[in-house]
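I opened this notebook to record what I looked up in the model, entry by entry.

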Amino acid sequence: MTTVDAHKETLGFQTEVKQVLDLMIHSLYSNKEIFLREIISNASDAAEKLRFEALSDDGLYEGDAELKIWIDLDANARTLTIRDNGIGMSREEVIENIGTIAKSGTQQFFKNLTGDKAKDSLLIGQFGVGFYSTFIVADKVTLRTRRAGLEASHGVCWESEGDGQFTIENIERPQRGTEIVLHLRADEDEFLQDYRLRSVVKKYSDHITLPIILPKITEDEESKEKVIEDEVVNSATALWTRTKAEISDEQYTEFYKHVAHDFEEPLTHIHNKVEGTQEYTVLLFIPKRAPFDLWDRTNRRGVKLYVRRVFIMDDNEQLMPPYLRFVRGIIDSSDLPLNVSREILQHNKQIDAIRAGTVKKVLSALEGLAKNEPEKYETFWQEFGKVMKEGVIDDHANRERIAKLLRFSTTHDDNSKPLVSLEDYVSRMKEGQDKIYYITAESFAAAKNSPHLEIFRKKGIEVILLSDQVDEWLVTHLNEFDGKTLQSVTKGQLDLGEMESEEDKQEVEKASTELKPLIERLQTALVEKVKEVRLTYRLTNSPACLVADEHGMDASLERLLKAAGQNLGAGSKPILEVNPHHPLIVALKAEADETQFADWAYILFDQALLSEGGQLDDPASFVTRLNAMLVKQATA
Ligand code: ADP
């Protein structure tokens, strides 16, 4: 026999791992048993990976295709051992998977931590706890593994006390798969009790498709000798193949926690068997809370594809459009070939049909939630609303359905929660109103307090308040709803159509003759800044506001592009609209000194820009001018 070159190394955890460990031990202390769920879940994934790889290389089974998970305890040694004969890991894989957190978005997650453990504990669930949860109950963890297909001399032993470092060495390991030995902490006796262990394992394994085996000690009736038998403690069938009536809420929840790596329960689930030209089953879940990496559109994890109960892959891109990337669960197809590869799936009509059908199922589930469980829908919207808005942009075919699912804050109610649907809005439209009005701004406060809303408030016309970044794109794709055009209140000449009173019009006309010279002077003074100066009746309290050209870009979109380094919109000058009734405008008529007048004009322009959340090109000059005016007032 050749001896293995152990090549033992001691390596440090990523600093982040240590932080995760500390947080986890702190936050999960009252829910310790979940480490079993995580380990069983990993073992089950490892079996699925082997089954999939073996489809193209039978040799990986090494003559043993019966995949199982064994759990054993040794009360004297105070150890709990979980073993699987799944895919196993190579040395490189152990280093990569256990001891580093390679998940994308990790940096962001750590930035969000406050240092306050109670607060941060809530975040750990979004992150997923995984293998490290073993350290909640163990003060030392030994992992032995060998990847399927490698020689026995390529086994690996990894060991750590969860203190910031681990050792890794090569070992001889005839059996393939992974064995994890937990050396339980001195005060952790709970899991050394057979009945307790059995009940926890049952709870976390019923939805697992592989047999999970615990030793059972019985007494031989004749000899009275103790006999140890293997006992399968779970039903070991794929949960989704059972009928809904056979599945309890708790089983759905546990299955969700397994597939989603979440430890909260889901908001809702969708379980359907589709029959027809395509036959497939979906068991999908909407989580309660957004994961920390929600904004990573390339995040693959989400929905897993099975073919006749064999796991094929988790590749969200093929199965779900990016705007539904928060959906978790499985799709099991009866028709796809078992040897499908990622490449094949990219151009596969069957997959396209499955995806289209599944998207419709998810949308109906959300519609049902909105209708029948509005509180849950509100939670959903708070967590995933911004992502759903991408659907209007990306999913042409379902745009109208998605539009109905959108929720907004509006001027109807000062509640900042986005709760108004477009249907609600339309049902409240004023007599003669033919447009859906909205305003976009950088923040909710800027939108809500914008001077552009003054006339709308006065006339009781509802305006949708948009302040998410994605909203700028949303409104360029959602031009109409229910036959009504969406109209920005900061763009173009204000046209309230039939809602405009004759008085309003006459007054503006009268004022425009009267104020013509003033408008011309303002235009000359601000020639560098604005495209045009004109009168408006949209203002009641403010002296002036800026509007974009009818065909131009909204100022807030322009700012967004600028911030993103794109200067597409730069150069399109705004229009300054002035309120003929404002005392400042009235007083300005009498200003004879042209230099003074120019200062006033600049102040008017700059404050209009400020009030809509814009940034001044030259703030110091604004302050100088303003101070000069104030001094003049104070010393007059
Ligand atoms: P997660 O399961 O969320 O990815 P874990 O920390 O639980 O995070 O596991 C990290 C990785 O380690 C897994 O993704 C998997 O690649 C590997 N792994 C864990 N347990 C096993 C196992 N029993 N067999 C093979 N690989 C495993």
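Entry 1: The model is a predicted one, in which local features need pLDDT of at least 70 and side-chain atom pairs count only at pLDDT 80 or more, while totals for chains, interfaces and linings use all residues. I also noted that residues are numbered from 1 along each chain as its sequence is written, and that side-chain values use heavy atoms, with hydrogens and water left out.

The largest cavity holds about 60 Å³ of space, where a volume is the space filled by probe spheres set on the grid points, joined across faces, edges and corners. I listed its lining, that is, residues with an atom within 4 Å of a point, as Ser44, Glu48, His207, Ile208, Thr209, Trp240, Phe255, His258, Val259 and Tyr306. The elements that give two or more residues to this lining are α2 and α7 (249–260), and α7 gives the most, with 3 residues; I take helices (H or I, at least four residues) and strands (E, at least two) as DSSP runs numbered from the N terminus. By class I recorded 5 nonpolar, 4 polar and 1 charged residues in the lining of the largest cavity, with Ala, Val, Leu, Ile, Met, Phe, Trp, Tyr, Cys and Pro counted as nonpolar, Asp, Glu, Lys and Arg as charged, and the others, Gly among them, as polar.

**Entry 2: the second largest pocket.** I then turned to the second largest pocket, with a volume of about 930 Å³; a pocket is an open set with protein on both sides within 12 Å along at least five of seven lines. Its lining has 41 residues, of which Glu558, Arg559, Lys562, Pro574 and Leu609 are the closest to the centre. Two or more lining residues come from each of β16 (435–440), β21 (544–547), α19 (555–563), α21 (594–611) and α22 (619–635), and α19 has the largest share, 6 residues. I counted the lining of this pocket by class as 15 nonpolar, 11 polar and 15 charged.

Entry 3: Which side chains pair by charge across distant parts of the chain? The structure holds 37 salt bridges, each a side-chain nitrogen of Lys or Arg within 4 Å of a carboxyl oxygen of Asp or Glu. I looked up Asp64 and Arg176, whose side chains meet at 3.9 Å, N to O; Asp64 is in the loop between α2 (34–54) and β2 (69–74) and Arg176 in the loop between β6 (165–171) and β7 (177–184), 112 residues apart. Asp64 is partly exposed at 33% relative accessible area, whereas Arg176 is buried at 5%, on a scale where buried means under 20%, exposed over 50% and partly exposed in between (1.4 Å probe, protein chains only).

I next checked Glu367 and Arg401, which form a salt bridge at 2.9 Å, N to O, and which link helix α10 (residues 349–372) to helix α12 (residues 399–405) across 34 residues. Glu367 is partly exposed at 30% relative accessibility, and Arg401 is partly exposed at 26%.

Arg625 is buried at 18%, while Asp599 is partly exposed at 24%. I also noted that Glu33, Glu190, Arg196 and Lys203 are joined into one network by salt bridges that share partners.

**Entry 4: strands.** I followed strand β4 (residues 138–146), which pairs with β7 in the antiparallel sense over 8 bridges, where pairing requires that DSSP finds at least two bridges between the strands. Ala138 stands opposite Leu184 in β7. β4 also pairs with strand β5 (residues 155–160), in the antiparallel sense over 5 bridges, and there Thr145 has Val156 as its bridge partner.

**Entry 5: cysteines.** I found 0 disulfides in the structure, taking a disulfide as a pair of cysteine sulfur atoms within 2.5 Å. Cys157 is buried, with a relative accessible area of 10%, and Cys545 is buried at 1%.

Definitions and conventions: 1 Å grid on protein atoms, 1.4 Å probe; cavity = no way out; pocket = protein on both sides within 12 Å on 5 of 7 lines; lining within 4 Å.
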